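Have the sequence and the 3D view open as you read.

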Amino acid sequence: MTSTLARPVPEASRPAETEKPRGRPRLRALDGLRLVAALMVAAYHYGGRGGDVTTAWGSSPKTQFPTLHEYFAYGCLGVQVFFVISGFVICMSGWDRPLRSFFASRASRLLPAYWAAVLLVTAVFALPVVVHDAVSPSDALVNLTMLQQPLGADRVLGVCWTLWVEIRFYALFALCVVMPGATRRRVILFCAVWTMAAAIADAADEPLLDLVLMPEYAPFFVGGIGLYLVHRDRGDAYAWGIVAVSWLVGQHHAVRDLWHAPSPDAFSHRSSFGIVLIVTLGFLAVAAIALGRLSWANWRWLTVAGALTYPFYLVHEHLGWVVIHGLHRGLGVGSAATFALTFAAMLLLAWLLNRYVEETLAPKIRAALSRVR
């Protein structure tokens, strides 16, 4: 049941929550940006790539969307935008927070919807009427730990590779910043050391270093951390330096990993200009939020959008293919209508998961893990 993005985006995170920092208003625009990034990734999975989605449509998305598929192909860069947002939010939520509280916050945010999504997708793919193959029962159980990738098990959720990236970022940040206590100096040092170490790991081409330091994704997390420092003090020259270096390195990795020469055999062609543009717009959007330029975007529905992003992200890919197959091939619904209805169905499912799973289990998990013994 695994599926892959063109290397290096093997397939799309967990997006981090937008917590309210002490003494500051909630950044609702960040919630909205998270949903935009999730919709970008969904557009990629439904119309911007080949592979399993071709089976769902009955023909290549090139045929379904002769012009738009070229634009949908850039949707995989929503992952990089997620990682910038994650760096910002994790630094914000880890500031002045003990390690136990930080761990409880992350676990209660990640696990309820993830467990529900794994069980739901496994059950749906096991139905005889569904054309996709299910993973083995053993691999499905391993998926509940979020450790399926390092253990070599098949993934139930194609997008869960980003969760493994996020977990490694959380571990680095917790060990280096949260555990000793977050300070401006310590955060700056963490950003500088990780940036240099990631560059060395990239040059060394050593699998263990790549696994720990994640050179292709580090600049996006570090850039988000730098933007949170800017949010705290917009005149901080060190913070702006972190952001600038992260953007320069990040766009390099994105172009190197996602660009290819034009070829009739390729699904689509992402230009280097287009890749750099989207990475730049992602950084600029988070920077605008950090500087308060989007404080006017303070509508309550953005909070709802932020709450739906994670469960939508988890279920949209594989279950979306099932909906596409049923609507387009089963009922004969047109391509554009199928595309829109699939988005709507996945957003509705995300609302149900948030309302009946996350809101029920997250407080209980947080309370249990925060309890002092």
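## A buried aspartate and other local features

Asp-139 is buried, at a relative accessible area of 18%; buried means under 20% relative accessible area, exposed over 50%, and partly exposed in between, with a 1.4 Å probe and protein chains only. Its place is in helix 7 (residues 137-143), where helices (H or I, at least four residues) and strands (E, at least two) are DSSP runs numbered from the N terminus. Setting aside neighbours within four places in sequence, Asp-139 touches Ala-153 and Asp-154, with contact meaning heavy atoms within 4.5 Å. Ser-272 is 133 residues from Asp-139 along the chain, and their C-alpha atoms are 38 Å apart.

A quick word on ground rules: this is a predicted model, so local features need pLDDT of at least 70 and side-chain atom pairs count only at pLDDT 80 or more, while totals for chains, interfaces and linings use all residues. Residues are numbered from 1 along each chain as its sequence is written, and side-chain values use heavy atoms, with hydrogens and water left out.

**Helix packing**

Take helix 5 (residues 78-94) and helix 14 (residues 272-290): they pack at about 30 degrees, with axes 9 Å apart. Axes here are lines fitted to C-alpha atoms, for helices over the stretch in contact, and angles run from 0 to 180 degrees between N-to-C directions. That angle makes helix 5 roughly parallel to helix 14; the cut-offs are under 35 degrees for roughly parallel, over 145 for roughly antiparallel, 65 to 115 for roughly perpendicular, and oblique for the rest. On the helix 5 side, the contact is made by Val-81, Val-84, Ile-85 and Phe-88, and on the helix 14 side by Gly-282, Phe-283, Val-286 and Ala-290. By class that's seven nonpolar, one polar and no charged residues, counting Ala, Val, Leu, Ile, Met, Phe, Trp, Tyr, Cys and Pro as nonpolar, Asp, Glu, Lys and Arg as charged, and the others, Gly among them, as polar.

Helix 6 (residues 99-125) and helix 9 (residues 161-178) also pack, at about 170 degrees with axes 11 Å apart. So helix 6 runs roughly antiparallel to helix 9. Leu-99, Phe-102, Arg-106, Leu-110 and Tyr-114 of helix 6 meet Leu-163, Tyr-170, Phe-173, Ala-174 and Val-178 of helix 9. This contact has nine nonpolar, no polar and one charged residues.

**Positive phi values**

Most residues other than glycine have a negative phi.

| Residue | Phi | Relative accessible area |
|---|---|---|
| Asp-205 | near 55 degrees | 61%, exposed |
| Met-214 | about 45 degrees | 1%, buried |

Asp-205 sits in the loop between helix 10 (184-204) and helix 11 (207-213). Met-214 is in the loop between helix 11 and helix 12 (218-232).

**One exposed leucine**

Leu-348 belongs to helix 16 (residues 335-370) and counts as exposed at 52% relative accessibility. Glu-317 is 31 residues from Leu-348 in sequence and 14 Å from it in space, C-alpha to C-alpha.
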